[in-house]
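Thanks for coming, everyone. Let me put the structure up, and then we will walk through it piece by piece.

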Amino acid sequence: MTEWSAALHRLWSAAVVISSREQLAELVLPPLQELPGVRAVWGLRHAVQGDTVLAYRWKGLPLTGDLRDLVERLAPGEAGPARVIGAGDELREQGVTRVVAARFDQPGEAGGTILVALDDTGDAALVGRCLEQVIEVTHEAVRRLSEARVDQEQQVRDALLAEASLQMDAVLDTEQTMYRVPRMAVPAIAEGCLVFVYEDGKPVLRSAVHVDMRLLGRLLHDPDAVQSLAEPGEHALELRARGRVIGMLVFLFDRPAGRIPPPAFLRDLAARAALAIDNSTLYEQRRQEVARMQQHLLPTRLPRAGGLELAASYTVGDRVLEVGGDFYDVVVRDDGVVAAVIGDVCGRGVDAAALTGMARHTLTALLQEGLSPERALTRLNARLRLDGSWRFITAAVALLRPHDDGYAVQWTSAGHPAPVVMRGAGGASRGSGGGVPLGVLDSPQFGSSTLRLSRHDTLVMFTDGLTESRDGDGQMFEQDGLARALDRLGGVPVQTLVDELSTSAEASDDIALLALRVRAEP
Amino acid sequence: MTDLVLVVEDSDEDIEAIARAIGRSHPEVRLEFLRSGNGVLPRLNDTGQARPGLVLLDLNMPGEGGLDVIRRVRADAVFEALRVVVFTSSENQAEAEACYAAGADSYIYKPINFALFQSVLAQTLDYWRSREPNVTQMVVPPPGESSAQA
């Protein structure tokens, strides 16, 4: 028995460090097979619930075919000391006279039975004692594996929640958020995951991921099957955010029941997903509202101005959720004089928006009535001072009068960036700015200059979002980028010019651009 | 068949993590590493070596990219049974769709956390291995034929 003691010692050492149940049979069956009079050692792995045998393992006589049913019938139904069972005719034909069997059960885990088949020389009492010791080792190994697995699963779930939260919070785009939820879940916690969002009271599939892409492809081709998945159930969880059910999060499992995460975890994941989806939806709604509001603050179309081609663009700064204060407009007086207005109310938001609307309408109405730019700007300044607004406005008016075969431009600036004149023949130069922003002084101060535009020349007016935007190296666009862009854009259609200019700069602030080009023929 | 997995990956950190993760969860699985997509077809066509049952593929590699590898593998009917699993940290949905269109079987997220990383790989291997006949790890053995090992 010294040999057995040594074998048992080796078994203990090896069994407690294995990482997978698959390794267990190879460890625990051979020592029993080495005992005198043993014809075979058979191992059965039982389902956690029910009588199903999940796996058959053996040493000696192969546990295949009809022998499986026979051995399953011999196996004790419950855990306990080793039993000695007399062999029937089928086994006796194989030289087996008795079978010694014992079983262990571990809550939540597949139980196991080991049966040792003896010939007539075998010592059943000795084998029974050895078997009980092996069962003890096996049970302990399974218990440790179970503990390690529970720990591992908990770690995975914690990590998933942390990583999923990070991923979901990193985007404010609804589509991306709805894609990231199932992408994170599959296959760590489920084989498939679908996101439905309620639209007009009906669940609409917005995102789906499965470990088997082709299986998913086939599923998605069957709308009825997809729709039936959105029925609430154990694995179809409501996406509930801010007291509303916004959709369903559906998990598809194709794994043993014991590997399905607990309902509390799935609910937790669904709750986080719901909040992330709802946040991004609200954010998008807000952005759309801002974009609509912004459009209301700008002219829906520019007027026709005889000998001039006009183009404008408005670029909303990077991911801002407030209405910006840039504005532009053009009016054509009855005498053919064109007044182009550009301005920028400092700050953002509803207050700035209200002021933006007021400033644009005040200036254009007064200019249309024939007031000079200085007087129109002075009236606006007086209005701002009267209201006691702390906000100031930079603004400029270009008054274009037909002159020779082009235009004479009277530029009046209240602290606004100087315009650019692009010559039709090539080259560009900066006008002069000057003046003090409106709303600062009781008696406004303006910068005034005169420019000449010939045929094909273009006057480009803009807000400081263009010149003060920075490139990847932190360089201001005004320093170098503007000149390069103007060089590149010589001769392009005037709408292309404003569109390209606004995208040349990496806008962190809003950019308003207004360009007026003298036509070849009046 | 998926006892041999071909890993196509150029990052040293990811190679180490994949080896460690699969070594723990599936010690019986043999891993073979290629550092670029260029070597995949020659390796698969090498009849002198065992053919892998699954290719674990990074998408962004120098030389031939992962998407081209998928297309070339899928162009040859001989490799129809080969599972192609894209393992990437990308969140680009269009890329996932392109991989599916090219014939990938799985497009799997590559997590940062190692426990999650290991779990994702283990679940992916379990899923595809359970879909092969005569695999001992199957939960319920197919009726009739033995799934046992001696």
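Where is B:R51 found? B:R51 sits in the loop between α2 (40-45) and β3 (54-57) of chain B. Helices here are DSSP runs of H or I with at least four residues, strands are runs of E with at least two, and both are numbered from the N terminus.

Some housekeeping. This is a predicted model, where local features need pLDDT of at least 70, side-chain atom pairs count only at pLDDT 80 or more, and totals for chains, interfaces and linings use all residues. Residues are numbered from 1 along each chain as its sequence is written, while chains are lettered from A and ligands numbered from 1 in the order in which they are written.

Back to B:R51. Is B:R51 buried, exposed or partly exposed? B:R51 is partly exposed, with 16 other C-beta atoms within 10 Å. The cut-offs: 20 or more other C-beta atoms within 10 Å of a residue's own make it buried, 12 or fewer make it exposed, and anything in between is partly exposed, with C-beta atoms placed from the backbone. The C-alpha atoms of B:R51 and B:L6 are separated by 8.9 Å, and these residues are 45 apart along the chain.

Now chain B as a whole. Chain B has 5 helices and 5 strands. Along the sequence they run β-α-β-α-β-α-β-α-β-α. Chain B has 150 residues, and 37% of them count as buried. Take the contacts in chain B with a separation of 6 or more: 65% of them are between residues 24 or more positions apart. Contact means that two C-beta atoms, placed from the backbone, lie within 7 Å.

Next, a helix pair in chain B. Two packed helices are described by the angle between their axes and the distance between the axes. Helix α1 (residues 12-25) and helix α5 (residues 114-129) of chain B pack at about 60 degrees, with axes 9 Å apart. Axes are lines fitted to C-alpha atoms, for helices over the stretch in contact, and angles run from 0 to 180 degrees between N-to-C directions. α1(B) and α5(B) are therefore oblique to each other. On that scale, under 35 degrees is roughly parallel, over 145 roughly antiparallel, 65 to 115 roughly perpendicular, and the rest oblique.

Who touches whom? From α1(B), the residues include B:A17, B:I18 and B:A21. Across from them, α5(B) brings residues including B:F114, B:F117 and B:L121. The contact of α1(B) with α5(B) has 9 nonpolar, 2 polar and 1 charged residues. Ala, Val, Leu, Ile, Met, Phe, Trp, Tyr, Cys and Pro count as nonpolar; Asp, Glu, Lys and Arg as charged; the others, Gly among them, as polar.

On to chain A. Chain A has 14 helices and 19 strands. Of its 522 residues, 42% count as buried. Among contacts in chain A between residues at least 6 apart in sequence, 63% join residues at least 24 apart.

Its α1 (residues 2-15) packs with α5(A) at about 10 degrees, axes 9 Å apart. That makes α1(A) roughly parallel to α5(A). A:W4, A:L8 and A:W12 are among the α1(A) residues in this contact, and A:C130 and A:V137 are among those of α5(A). By class, the contact of α1(A) with α5(A) has 8 nonpolar, 1 polar and 1 charged residues.

Of its 12 residues, 10 are buried, so α6(A) is largely enclosed by the rest of the structure. Among the buried ones are A:M178, A:Y179 and A:R180.

Last, some backbone details in chain A. A cis peptide bond joins A:V186 and A:P187, with omega about 0 degrees. A:P187 lies in the loop between α6 and β6 (192-199). A:D200 is in the loop between β6 and β7 (202-210). Phi of A:D200 is near 50 degrees, a positive value in a residue other than glycine. A:D200 counts as exposed, with 5 C-beta neighbours inside 10 Å. A:R242 has a positive phi of about 50 degrees although it is not a glycine. A:R242 is exposed, with 10 other C-beta atoms within 10 Å.
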